[in-house]
Amino acid sequence: MGASDTNVMGKSVRRKEDYRFLTGAGQYTDDVNPDRHTHAYFLRSPHAHARIRGIDTSRAKAAPGVVAVCTSADLEGVNGLPCGWLITGTDGKPMNEPPHPVLAKGKVRHVGDPVAMVVAETPNQAKDASELIDVDYEVLPAVVNCVDALKRGAPQIHDEAPGNKCYTWALGDKAAVDAAFAKAAHVSKLDIVNNRLIPNAIEPRAAVASYDRAADGYTLYVASQNPHVERLLMTAFVLGLPEHKVRVIAPDVGGGFGSKIYLYAEETAMVWASKRVGRPIKWTAERSESFVSDAHGRDHVTRAELAMDKDGRFLAMRVHTTANMGAYLSTFASCIPTILYATLLAGQYTTPAIYCEVTAAFTNTVPVDAYRGAGRPEATYVVERLVHQAGVDMKLPQDEIRRRNFIRSFPHQTPVALTYDTGGYDACLDEAMRLADVKGFAARKAEAAKRGKLRGIGYSSYIEACGLAPSNIAGALGARAGLFEAGEVRVHPTGSVTVFTGSHSHGQGHETTFAQVVASRLGIPVENVDVVHGDTGRVPFGMGTYGSRSLAVGGTAIVKALDKIVAKGRKIAAHLLEAAESDIEFADGKFTVSGTDRSKTFGEVALTAYVPHNYPLDKLEPGLNETAFYDPTNFTFPAGTHVCEVEVDPDTGVVEVVAFSACDDFGNIVNPMIVEGQVHGGLTQGLGQALLENCVYDAESGQLLSGTYMDYAMPRADDVPSFNVGTKVTPCTHNPLGAKGCGEAGAIGAPAAMMNAVHDALAAVGVTYIDMPASPHRVWRAIQAARA
Amino acid sequence: MYAFELHKAKSVADAAALIAKTGGKALAGGQSLVGAMKLRLAQPGALVDLSGIAELRGIRREGGAVIVGAMTRHAEVAASADVKAAIPALVALAEGIGDRQVRNMGTLGGAIAHADPAADWPAAVLGLGATVITSKGRHAADGFFKGLYETALAGDELVTAVSFPVPRKAAYAKFRNPASRFALVGVFVAQAGDGAVRVAVTGATATPFRCAPLEAALAKSFTADAAKAAKVSANGLSGDLHASPEYRAHLIPVLAARAVASL
C-alpha cells in the first residue's frame with residue numbers, strides 16, 4: 001500500500017509518526033529545556049493518614065541551590081483540585097465532595113500525598129533539600145479497603161464525608177428486579193473483587209511551567225491526554241487565571257491509559273510558582289513516585305446475582321458494588337463506577353430488568369479514576385463471569401447460554417439507560433469460535449492432560465459505550481463539562497492540508513488515521529495532510545482523548561469541517577466552471593459539472609481561494625479554512641467476543657494463556673494495522689489485570705506494598721500468546737464515519753475471558769472460585785483448598 | 001542519588017587499599033548497588049571500581065575445577081564453551097539471570113558478595129560446594145552465606161574468583177517471581193564425582209541453604225520421582241506478597257524434580 005494513494009480508507013497505511021519515534025526524535029515534555037529553568041521536587045507523605053502539626057522549611061530554604069520552597073500555607077488564593085462529575089445519591093443529595101488541596105493542608109491522607117514543593121537549580125539539589133524539611137506528623141489510624149472504610153468505627157478521613165461515604169447511587173427498577181427474582185427458576189450468584197491496578201505509561205508524568213513577563217502569559221508543557229481540559233480546570237477552578245493567558249502544550253506523550261486525563265497537583269503548583277520564581281520550572285516523575293501519585297484504576301467489591309427461567313433465559317440482574325475512590329476525588333472519579341459502569345450491565349443480552357446500587361468510599365489510598373476501559377471492564381467482568389457461572393449452573397454450553405440471551409433487534413433500549421444503535425453479536429461469537437477452533441478443544445484438553453496440565457476455555461462477550469458523549473445527556477447525568485470535539489481543516493494555497501484536532505494522540509496513531517480520513521475525503525495523497533494536536537495555542541478547542549472517542553467524535557468533527565470545505569469548494573468551482581452550484585459534484589479530488597467532463601481539481605480550487613483573481617468576491621470570502629465542533633447524538637457501542645484457552649500447571653499454579661482469539665466489531669475501520677495494534681495492547685493490559693497486576697496496600701499501616709516493579713507484576717512480551725484477532729462490521733448509525741472506537745476493547749473483554757478459562761480449567765480439580773490476578777500462588781492455594 | 005567519589009582501582013591490592021582509605025564500597029557490575037543508590041537506599045561516600053582489574057576476569061579449567069574470575073560477567077559465563085563442557089548447569093543459570101543488560105554488566109563476584117536472598121549464583125556456589133577465593137584467602141561454600149546480604153567476607157576483603165568443582169551432573173531450576181523475575185525459589189542439585197549429592201535452595205529464606213530432606217532422598221535415588229516425593233518443612237521459609245512459606249516449601253521438591261528431570 002503506497003501512501004500516495006488517495007483511496008486510503010480501510011488500508012494499513014504505515015504510521016507517519018513512527019519515523020520520529022523509532023529514531024529517537026520524539027519530543028516529550030522531558031525534552032523541553034527552556035533557558036534558566038529550575039527543577040521541582042515534591043516532598044510526599046510517608047504516612048497513609050496523619051495530622052500535620054507543623055512544617056519547618058527553614059533548613060531546606062537555606063540548602064545549596066534552592067530557589068523556593070512552597071507548602072499549602074504559601075498557596076494563597078489557590079483553590080483545591082475540582083471533580084468534573086457530580087453524582088446525586090439515592091437520598092437525592094449531591095455526593096460528598098471534600099476539598100482536594102494542591103498541597104496537603106492540615107492532614108495527609110495517603111502515602112504519596114504531596115506536602116511541599118522544592119524548586120532548585122538541579123533535580124538532586126531539590127531532592128536533597130526536601131530531606132531537610134521537618135514535618136511534624138501525628139500519625140492516625142488508616143483504612144485502605146473500601147468495604148472496611150464504610151464500617152462503623154473506621155478512621156474518619158474527611159470531616160465533609162461522614163463514615164467515609166462519597167455517595168450511594170442506584171440505577172434501574174428495583175421493584176421489577178425483585179419481582180423477577182421472586183419467580184426465577186434459578187439464580188446464579190457471585191462475589192467478585194475487581195483488583196486495583198496501577199497505570200504504568202512508559203513515559204512518567206512530567207511538566208515544564210513558565211511565565212513570560214513580557215506577554216504576561218504562562219506556558220505549560222505537560223504529559224496530558226487533554227490539554228484544553230487541563231487548562232480550563234486549572235484556570236477556572238483552581239488558579240483563577242485568565243484562560244487566554246495560559247497556553248498548555250501536550251507534546252509527544254508516551255502513553256496515558258487514562259492516567260494523564262486528570263488535572264494533578266504537581267503541574268498546578270508549578271504554574272502558580274513559575275511567576276513567583278520568575279524562572280521556568282521542570283519536573284519529571286520518578287517511577288516510584290508515579291506509583292503513589294498517578295490515579296489508580298478499578299478496585300471494586302461486588303455481589304452480583306442473575307435470575308433465569310428454567311431454560312437459562314435471563315430475567316433480571318441485581319448488582320451491589322462498593323467502589324474505592326481513594327483519598328480524594330480525582331477529576332472524573334465519581335462517574336467511573338456509576339455512569340460508565342452500571343449502564344453497561346445489560347452487556348449483549350436482553351435481560352429485561354437490572355438494578356445496580358453503588359456505594360463509593362474514601363480510603364487512605366491514591367485517588368482512583370479512569371484506567372483503560374474505565375467502568376466498562378468492571379461491568380464486563382461482572383456480567384461475563386456471572387454468565388459463565390450461569391452456564392455452569394444451568395449445564396449449558398458457554399456459547400449456548402449467550403446465544404439464548406443475545407440482543408438481535410436494534411435499536412435496543414436497555415433497562416440501564418443506554419440505547420444500542422446497532423450490533424451483530426452472533427457474528428462475532430461465531431467468528432471468535434472459528435478463530436479459536438473450539439471444535440478441536442476437547443482433543444487439545446486431552447493432550448494437555450497427558451502432559452499433566454489442566455486446559456480450560458473461556459468466553460467473554462463484551463460491550464462498551466464509547467464515543468463520549470452527547471453533552472446534554474452527560475450534563476443531565478452530572479457532567480460538569482461538555483463532551484464534544486473540535487476540528488479545524490486548513491487548506492493551504494497549493495492544496496496541501498493541515499488539520500488541527502482536539503483529540504490527542506499518545507500512542508494511538510492519529511497523525512496517520514486522521515490523515516487517511518482527510519486524504520480520502522478530499523482525494524489528495526495522505527502525505528499532503530499533516531495533523532496537529534495537543535496545543536491550546538494552535539488548536540481551536542478540544543475535549544481530548546479517552547473513552548475510545550477520538551475517531552468517532554474527533555474524527556467526525558474533522559469530517560464536518562471537511563464538509564464545509566467541500567461546500568465552499570463547490571461554490572468556487574461553480575464560479576470557475578460557469579455552472580450552477582447545484583450541478584457541481586465532488587469526487588476523487590475533482591469538482592465536476594454533472595454529466596460533463598468539465599472539472600477543476602481540488603488543488604486548482606484551493607489556489608483560487610487564495611489567489612482570488614477570478615472569484616465571486618461579492619458573495620464569498622477568500623481562503624479555505626473551516627472549523628467544526630461535533631457533539632454526538634449517542635454513544636457508540638463496540639462489542640465482540642473473546643475466546644481464551646489456558647493451561648494450568650497444578651504443581652506450581654502457573655497459568656499460561658496458550659491461545660487467545662478475539663472478534664471485535666468496531667464499526668468501520670480506517671487503518672486495520674493500527675486497530676490490530678490497539679487490540680493487542682488492550683488484550684495485553686487485560687492479561688495484566690487477569691493474571692499479574694495487583695496493587696496491594698498494607699491493611700494496618702496503609703503503606704503501598706506493591707510499590708515498585710519488584711512487586712507489581714507488569715505483563716511482558718513472553719507472558720502473552722500470539723493473538724488471533726478478527727473483525728466484523730456493523731457501522732455506527734449516527735456518525736458519518738460509521739466508526740465506534742477500538743482503544744479499550746481488549747482491556748475490557750480480556751479479563752473475563754481469561755478468568756472464565758481459568759475457572760473452566762480448575763473445575764476439573766474442584767475449584768469453584770478464584771479472584772484476579774490468578775497468580776501462581778493464588779491458583780496453587782485454591783487447588784490445595786479444593787483438595788483438602 | 002547522593003554525590004559520591006569514584007575511584008578506579010588498578011589491581012586487587014590497589015582496590016583493597018582504596019577501600020581501606022576511603023571507607024567506600026567496591027563497585028563490581030553495579031546491578032544491585034547502583035539501583036539502591038538511585039533509590040537513595042544506599043549512600044556510600046566512595047565507590048572503588050573493580051572493572052579495570054584484569055586479574056579478576058576470565059574463566060579457566062584447573063584440574064577438577066572450573067575457576068571463574070570475580071569480575072567475569074554473567075553473559076561471559078553463559079557464552080563460555082569451557083563452562084558448557086564442564087558444568088552446563090552454570091551456563092543455564094547464568095543465561096537465566098535478569099535480562100540481557102543485567103547479564104552484560106553483572107558479575108559473579110558482585111552477586112555472591114552482595115548475597116541477595118533471591119540471587120541465583122549463591123545456589124550454584126552452595127550446590128556445587130565451591131570455594132570462594134578472596135584477597136585474603138579461601139572460604140568453603142558452606143558457611144560463606146551468613147544472612148540477609150551478609151557473608152563471611154571481612155569489610156576490606158574482595159572476592160577474586162570462585163572455584164567450582166566439576167560434578168558428575170548438576171542442574172538448576174528456578175521459579176520466577178512474576179513481578180521481579182528473581183528466584184521466588186531456585187534449586188540447584190548436584191551429584192559430585194564421588195556420588196555425593198548436594199541440593200542448595202535460594203530465594204526461599206534470607207540465606208541460601210542446603211536442603212537435607214532432598215539430599216537424603218536423592219542420595220538414595222537420583223531421580224525426579226524421589227525428589228518430588230521429598231517433604232520440605234515450611235518452618236523458617238519466607239512469606240511475602242508472592243508466596244507463603246507453605247507455597248515455597250511445596251515448590252522446592254517440585255523444582256528439584258524438574259532439575260533432575262532435565263539431566
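**View 1. Buried area between domain 2 and domain 3 of chain A.** In this predicted model, domain 2 of chain A and domain 3 of chain A bury about 2400 Å² between them, and carbon and sulfur atoms give 67% of that area. On the side of domain 2 of chain A, A:W85, A:Y262 and A:F291 lose the most area to domain 3 of chain A, together 28% of what that side buries. The centres of the two domains, taken over C-alpha atoms, lie 36 Å apart. Contact involves 30 residues from domain 2 of chain A and 28 residues from domain 3 of chain A.

**View 2. Polar contacts and residue classes between the two domains.** Domain 2 of chain A and domain 3 of chain A share 10 residue pairs in polar contact (both at pLDDT 80 or more), while the count of salt bridges between them is 0. Helix α8 (residues 287-293) of chain A gives 5 residues, the largest share of the side of domain 2 that touches domain 3. That side has 17 nonpolar, 8 polar and 5 charged residues.

**View 3. Contact between chain A and chain B.** About 2000 Å² is buried between chain A and chain B, 51% of it on carbon and sulfur atoms. Of the area that chain A buries against chain B, 28% comes from A:D651, A:H777 and A:W780, more than from any other three residues.

**View 4. Salt bridges between the chains.** Chain A and chain B are joined by 7 salt bridges. One of them pairs the side chains of B:K228 and A:D651, at 2.7 Å from N to O. On chain A, α3 (123-130) and α19 (776-787) each supply at least two residues of the side that touches chain B.

Note on methods:
Residues numbered from 1 in each chain as written. Chains lettered and ligands numbered in written order. Predicted model: local features only at pLDDT ≥ 70, side-chain atom pairs only at ≥ 80, totals over all residues. Heavy atoms only, no water. Buried area = accessible area lost by both parts, 1.4 Å probe. Salt bridge = Lys/Arg side-chain N within 4 Å of Asp/Glu carboxyl O. Helix = DSSP H or I, 4+ residues; strand = E, 2+ residues; numbered from the N terminus. Domains from an automatic or database assignment. Contact = heavy atoms within 4.5 Å. Polar contact = N/O pair within 3.5 Å; in protein donor to acceptor, adjacent residues only side chain to side chain. Nonpolar A, V, L, I, M, F, W, Y, C, P; charged D, E, K, R; others polar.
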